Amino acid sequence: MNARKLALLIAWIAVLAVLALVVQRTLRVGSDLRSFMPPAQTADQKLLMEQIGEGPGSRMLLLAISAVDDAQAAGLSRALASALRADAHFTQVANGSFDDGILDDALLPYRFLLTPSFDEHALDATVLADELAERIEDLGSPAATLLKPLLPRDPTLEVMKLAEHWSPPRPPLVREGVWFSPAGEALLLVQTRAAGFDPDAQGTAISALEAAFDQVREDSADAQLAISGPGYFSVVVSGKTRAEAQWLGHLSTIGFIVLLLLAYRSIVVLGLAALPIVSGGLAGIAAIALAYSEVHGITLAFGFTLLGVAQEYPIRVLSHRRAGETALQSVRALWPLLLTAIASACIAYLAFFASGVTGLQQLAVFTIVGLLVAGWSTRHLLPRVLPERFRDSADTPGLERAWHFLDTLPRPRWLPPLLGVLAAVMLWWAPTPFWQNNLAALTPVPADLLEREGRLRAALGAPDVRYLIVLQADSADGVLALSERIVPAIDVLIAQGAVDNVELPSRYLPSLDTQRRRQAALPDRDALEAMLDGALTDLPFRAGLFEPFVEDVQNARTLPLLTPAMFADSPLGARLQAMLVERNGQWLGLGTLIGVHDAQAFEALATLTNGGVRLLDLKGASESLVAAYRERILHAFVIAIVLLVATVFIAFRDWRRAWHVLAPMTLATILVLAVLRVSGVSLSLFHLVALTLAAGLGLHYALFFERIAADAAEARRTLHATLVCVISALLVFALLAWSTLPVLRAIGLTVSLGVGFHFCLSILMARETRAR
Amino acid sequence: MRRRLSIVTWMLLPCLVVAAEPDAGSLIAGLAREAPARTAYTEVRFAQMLDRPLIVRGELAYLGPGSLGKRVDTPYKEEVTIADGQVSVQRGSRQPRQISLGQVPELDGFLRGFGALLGGDAQALARDFEIQTRGDASRWHLSLVPKDARLKRRVASIEVDGAADSARCFSVIDADGDANIMLVEAMAAIELPKPLTRRNLEIVCAGTAAK
């Protein structure tokens with residue numbers, strides 16, 4: 001290697017090192033899976049995306065503790081609950097244990113504003129006398145020991161009534177004082193501070209949870225903790241994806257290195273051939289780091305996969321070099337074709353940019369910049385650092401025979417149309433729906449975890465995940481007032497059997513008007529003391545016993561009314577907060593429903609309130625979201641195809657030659673689609689990404705096969721280069737096809753099939769014009 | 001029922017005579033009755049919240065393992081039934097109120113103890129309570145202290161007084177010092193001591209021969 005070459009090589013590597021340093025400094029990798037979800041258009045879709053990420057449902061974790069017996073499980077449930085309540089990762093912990101601390105001391109006087117007990121009959125002498133007589137009876141009952149501490153301050157047992165009022169609409173099984181599943185596990189509901197679809201933050205919370213359980217468990221080694229919920233799933237899925245992609249990545253890298261060593265018999269060449277793709281990758285990352293504040297982990301993973309196309313460029317240069325020619329000369333000869341390939345691949349990836357999804361736009365920026373830089377460095381840098389000595393790939397043993405075999409294959413003219421008809425028939429007969437409309441399929445969760453989720457959800461009487469009731473008003477108090485107003489209509493719906501139960505925001509906090517009305521109806525000190533004296537003449541209660549009660553009623557008469565912000569500090573505050581959302585100056589109330597049997601029946605409610613209250617079908621919103629998304633991507637693809645065809649025509653300026661390149665590519669793409677569809681696959685975003693990649697690779701094969709070779713040796717070189725490319729692509733993607741994860745499998749299977757079809761059809765169709 | 005009880009106590013007598021302190025196991029086993037067994041009761045509740053004791057009368061029923069009934073006739077009407085882990089409380093003509101015992105484990109432990117006592121299940125009782133006995137065959141006293149820490153915070157002990165041929169009083173001593181003394185069988189009909197203090201009633205329960 002002469003001095004100039006060495007200097008250039010060192011300079012190139014130095015630039016790459018600086019770039020790597022800059023990237024490492026500026027790049028922030030995010031993990032919010034929503035950046036790979038479609039952009040929301042309608043109000044319902046926006047609400048859906050918010051709820052998916054930050055809504056109470058997505059931040060809820062379901063825990064199940066199994067132990068040797070109920071008593072041990074219940075003990076662990078209590079210990080874990082108190083440990084988690086002290087942990088800042090969690091905003092709410094519930095395990096079903098009776099909690100007389102449902103209102104803390106400061107909020108206790110507010111019970112008279114919160115309770116509906118005295119709405120029909122105000123707190124007067126008769127009501128009070130009845131209540132107190134009943135307390136005497138309570139003192140003789142088995143529950144006396146529980147109630148005694150409450151009586152002096154709360155003789156009407158308002159706290160108990162509120163606890164009952166606020167208990168879950170369909171309470172789970174309670175044993176040993178805590179929630180249990182029918183299978184005998186103690187159950188807990190935990191709400192994380194972190195958003196559900198942020199796997200990193202959820203991962204931290206779940207680690208804290210597991211550490212707390214280990215500490216609580218101590219020596220009861222038989223006890224097991226099972227976790228479920230959207231946040232847990234996002235951790236499992238992203239962890240599993242990362243691990244499996246890494247493992248498969250290592251394996252295919254080793255295979256790739258072995259393949260290149262076999263093909264070119266030189267470690268130096270292998271190292272140099274890697275430089276263009278490394279340059280492309282680093283430049284791509286630097287470009288997104290500059291254009292976006294944060295790059296998604298998936299963008300990087302997919303980006304490097306898609307950038308795999310660029311590995312073809314150095315391979316072409318190495319394989320096509322002929323004896324007596326410098327690397328620079330052979331690159332010049334190849335450049336027009338390579339340029340066409342690069343331009344068309346960039347155009348195909350442009351389609352991702354048009355999708356409007358942040359994650360995919362980042363992907364487009366990354367791959368386009370990467371391809372351009374990889375192409376440019378292959379053209380201008382790589383040839384200048386390659387060693388003088390090399391092996392002509394035309395002399396590779398066995399290549400001659402392979403060439404002869406392929407050359408003499410029969411090429412019946414009727415085969416391509418027949419394949420086309422066959423594919424059309426297969427597409428027509430495919431058993432499953434064409435598109436995968438399920439948003440969940442974008443972030444797939446193992447089936448056994450879903451099964452457990454369903455079981456725990458049913459045991460906890462957790463609300464329906466499909467429907468939400470949405471109340472809209474100008475202020476939080478407006479939402480609460482609206483919520484109170486529709487209670488009679490909701491009761492009618494429950495009576496009609498349209499729904500089993502509905503949990504509205506006003507269940508936890510009455511509107512200011514209602515609180516004011518209740519406040520005004522409370523007796524003043526003199527009146528209350530007179531009532532007490534009257535009631536106590538026949539009862540054996542000690543004189544002055546109820547002084548704390550009189551104090552509380554007096555306080556309640558003058559308290560500032562309770563707002564959602566003040567209520568937020570109470571144990572149930574988080575629950576209310578999750579039900580009240582501010583958006584663009586408007587307030588939304590989100591009520592949960594249990595057991596929806598007739599969604600149509602809710603339409604009357606919408607008309608009654610002039611659209612202020614409506615039923616939100618999250619499944620419908622998500623399906624419409626995916627459908628709208630797909631439409632955008634399809635439009636983008638149509639534009640990409642037109643541009644691609646135009647590029648090929650412009651490059652060739654020859655209809656016949658362009659047709660020979662485009663026809664096998666199109667037919668192969670249709671065949672891949674047909675095979676996928678006939679084997680029951682519904683198409684998702686990932687299949688579309690994979691199809692584009694395969695088409696990009698296929699275009700290369702067709703372009704090079706279509707080229708009229710100067711001599712037999714050059715034809716062999718083309719075959720050598722193409723075989724190396726095909727085998728390396730198959731190596732990477734066939735491995736992915738074995739993955740247990742649907743996403744990786746979809747990409748692996750589609751690209752492997754595509755590479756196979758594109759290669760065969762390119763040989764079959766692209767070379768037809770060659771003079772024999 | 002009186003007859004059945006007497007037979008049981010007769011069978012118990014030999015062991016009571018042999019041991020200086022009566023053996024708890026056989027004593028409790030001796031309390032076993034065939035369901036349904038009923039007895040009238042008079043219950044006197046001494047509580048710090050009340051300036052005079054509350055006197056309640058009615059009928060107590062043992063309806064089989066884990067199943068109890070308590071009816072209040074005066075001064076108000078109430079019917080409490082405990083079966084299959086559910087407590088049902090009916091007052092006057094109102095809708096019965098249901099409480100699941102699983103929700104209130106303290107109550108569950110307490111009622112389980114009471115049920116085991118009336119069912120004569122010494123083993124079950126020993127699982128949940130520390131048992132002490134004193135007295136002799138003609139006048140015995142059982143003291144049950146709960147083992148469960150949470151129940152202990154509510155109930156200090158359950159005391160049972162018995163005579164040769166019948167149980168006399170069940171007393172529940174709350175952790176805060178309040179006491180609920182229930183006179184059963186023949187004792188239900190006696191005239192209550194005057195003045196009605198806890199000490200006086202305890203003396204009545206223990207019987208004149210008590211230390």
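In this predicted model, chain B builds an open sheet of 11 strands with antiparallel pairing, in the order β6-β5-β4-β3-β2-β1-β11-β10-β9-β8-β7. At the edges stand β6 (97-100) and β7 (129-135) of chain B, each with a single partner strand, so one side of each is left without a neighbour in the sheet. From one strand to the next, the twist averages 20°. If you follow β7(B), you will find that β7(B) and β8 (residues 139-146) of chain B pair in the antiparallel sense over seven bridges, with B:Ile131 opposite B:Leu144 in β8(B).

| Helix | Strands of chain B it lies across | Angle |
|---|---|---|
| α5 (residues 125-140) of chain A | β1, β2, β3 (68-74), β4 and β5 | about 50° to β2(B) |
| α6 (residues 198-206) of chain B | β1, β8, β9 (155-163), β10 (166-174) and β11 (179-184) | about 35° to β11(B) |

Now to the contact between the chains, which takes 28 residues from chain B and 20 residues from chain A. On the chain B side, β1 (37-46), β2 (54-62), β4 (78-83), β5 (86-91) and α3 (105-119) each give two or more residues. The most come from α3(B), with five residues. By class, this side of chain B has 16 nonpolar, three polar and nine charged residues.

Within chain A, have a look at helices α28 (residues 655-678) and α31 (residues 742-765), whose axes come within 8 Å and cross at roughly 140°. The crossing is right-handed. Residues that meet here include A:Leu667 and A:Leu671 in α28(A), and A:Phe757 and A:Leu761 in α31(A). This contact has 13 nonpolar, five polar and no charged residues.

Note on methods:
Residues numbered from 1 in each chain as written. Chains lettered and ligands numbered in written order. Predicted model: local features only at pLDDT ≥ 70, side-chain atom pairs only at ≥ 80, totals over all residues. Contact = placed C-beta atoms within 7 Å. Helix = DSSP H or I, 4+ residues; strand = E, 2+ residues; numbered from the N terminus. Nonpolar A, V, L, I, M, F, W, Y, C, P; charged D, E, K, R; others polar. Axes fitted to C-alpha atoms, helices over the stretch in contact; angles between N-to-C directions. Left-handed = near helix turned anticlockwise from the far one by under 90°. Pairing = 2+ DSSP bridges.
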